[in-house]
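This report goes through a structure part by part, from a residue to the sheet and the domains. Please keep the sequence and the 3D view open while reading.

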Amino acid sequence: MALRVVIAEDQALLRAGLARLLADAGMEVVGEAGDAPDLLRKVAAHRPDVAIVDVQMPPDRTDDGLRAAIRIRREHPEVGVLVLSQFSDERYALDLIGTDASGVGYLLKDRVADVDAIADAVRRVAAGGSALDPEVVALMLGRRRKDSPLDRLTPREREVLTLMAEGKSNTGIADALHLSLAAVEKNVTRIFTKLDLGHEAGEHRRVLAVLTLLRAA
Amino acid sequence: MGGVLIVDDSPSFRALCARLLIASGLVVAGQAADAPAALHLARTLRPAAVVLDVHLGDADGWQVAGALRALDPAPRVVLISSDADAGDDALVRRYGAHGFVPKAELDDHNLAALLGVADAE
């Protein structure tokens, strides 16, 4: 069955373009909202698999979309939430994720130029996984302190860790790095050992583990 | 030759606008993110119409519109902006453009109509 999606974006042209993009990717757009209150109404009415939410929306055009997204996660935990942002804002991403990285994503708006990337993120979020923008992950990895535990990682392990933080599965990491699944699994095991992380089952749990580490690192 | 050239510094706007125009049966001739690329592509691709953001980094979209309208053949030019005060009918006339639409009022129907490409080819 096609994934059911609600879109919240205040610019009509972008909203229509996004709806077309998702329909072309085989998804069903069941509702379109132009502001935060409209989004909350349509999510309650349609109970979509995923709500795709622009951060800056009326009425305040500051972070109305983000606040609505956080509220949807609290009130409708079964609805996945994918936030699209103009900026790679680490704090916004962390506020959105909170203490649970399941069924949530934070992507730069310009990713919509890549249909496969956006469709993949929607599917991951719908399935209870996570999708964190590579640029946000790079920011978090880039500003770590000296003597960070991350210094213990080899370059390859850092690549794998980066893709883990983005929410990719081992299969997704293997595809992205042109490695075998077994090789990825070995890297993941070494990373968890080197960083003293508990070995978490499920991609969204390890996203949270990695984010917690990055916040402290 | 023909089709629509999309000029906007936002990759997401260009991508979604292109998708909509194609879905409306139009041809997207090309995309540009700044004024020099816009003028270069307009000269080489000779689009029938250009959708042009008023804010292009350092450049003023109205000046770019004037330069586009001086080409031979000259494309139709529709200016857009997220700032509703960035244009008016007087500016549209002065630079020989075919319309100005704030992005808040822009949708696939009025854009296609203003571009006039449906009946221009």
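## A residue at the chain contact

A residue counts as buried if 20 or more other C-beta atoms lie within 10 Å of its own, as exposed if 12 or fewer do, and as partly exposed in between. The model is predicted. In it, Pro11(B) has 17 C-beta neighbours inside 10 Å and therefore counts as partly exposed.

Pro11(B) belongs to helix α1 of chain B, which covers residues 11–23. Leaving aside residues up to four places away in sequence, Pro11(B) touches Asp110(A) and Ala113(A). Within its own chain, Pro11(B) is 21 residues from Ala32(B) in sequence, and their C-alpha atoms are 9.3 Å apart.

## The contact between chains A and B

Chain B puts 15 residues into the contact and chain A puts in 13 residues. On the side of chain B that touches chain A, α1 and α5 (108–115) of chain B each supply at least two residues. The most comes from α1(B), with nine residues. By type, this side of chain B divides into ten nonpolar, one polar and four charged residues.

## The sheet of chain A

Chain A has an open sheet of six strands, in the order β2-β1-β3-β4-β5-β6, with parallel pairing. Its edge strands, β2 (28–33) and β6 (130–132) of chain A, each pair on one side only. On average, neighbouring strands of this sheet are turned by 20 degrees against each other, direction ignored.

Strand β5 of chain A (residues 104–108) pairs with β6(A) over three bridges, in the parallel sense. Gly105(A) stands opposite Ala131(A), a residue in β6(A).

Helix α2 of chain A (residues 36–46) packs on the sheet, where α2 touches β1 (4–8), β2 and β3 (50–54) of chain A. The direction of this helix makes about 145 degrees with that of β2(A). Helix α4 of chain A (residues 90–97) lies across β4 (80–85), β5 and β6 of chain A, and runs at about 165 degrees to β5(A).

## The two domains of chain A

Chain A is divided into domain 1 (4–133) and domain 2 (144–216). The C-alpha centres of these domains of chain A lie 26 Å apart.

Their contact takes nine residues from domain 1 of chain A and eight residues from domain 2 of chain A. On the domain 1 side, β6(A) gives the most, with three residues. The residues of that side divide into four nonpolar, four polar and one charged.

Terms used. Residues numbered from 1 in each chain as written. Chains lettered and ligands numbered in written order. Predicted model: local features only at pLDDT ≥ 70, side-chain atom pairs only at ≥ 80, totals over all residues. Helix = DSSP H or I, 4+ residues; strand = E, 2+ residues; numbered from the N terminus. Contact = placed C-beta atoms within 7 Å. Nonpolar A, V, L, I, M, F, W, Y, C, P; charged D, E, K, R; others polar. Pairing = 2+ DSSP bridges. Axes fitted to C-alpha atoms, helices over the stretch in contact; angles between N-to-C directions. Domains from an automatic or database assignment.
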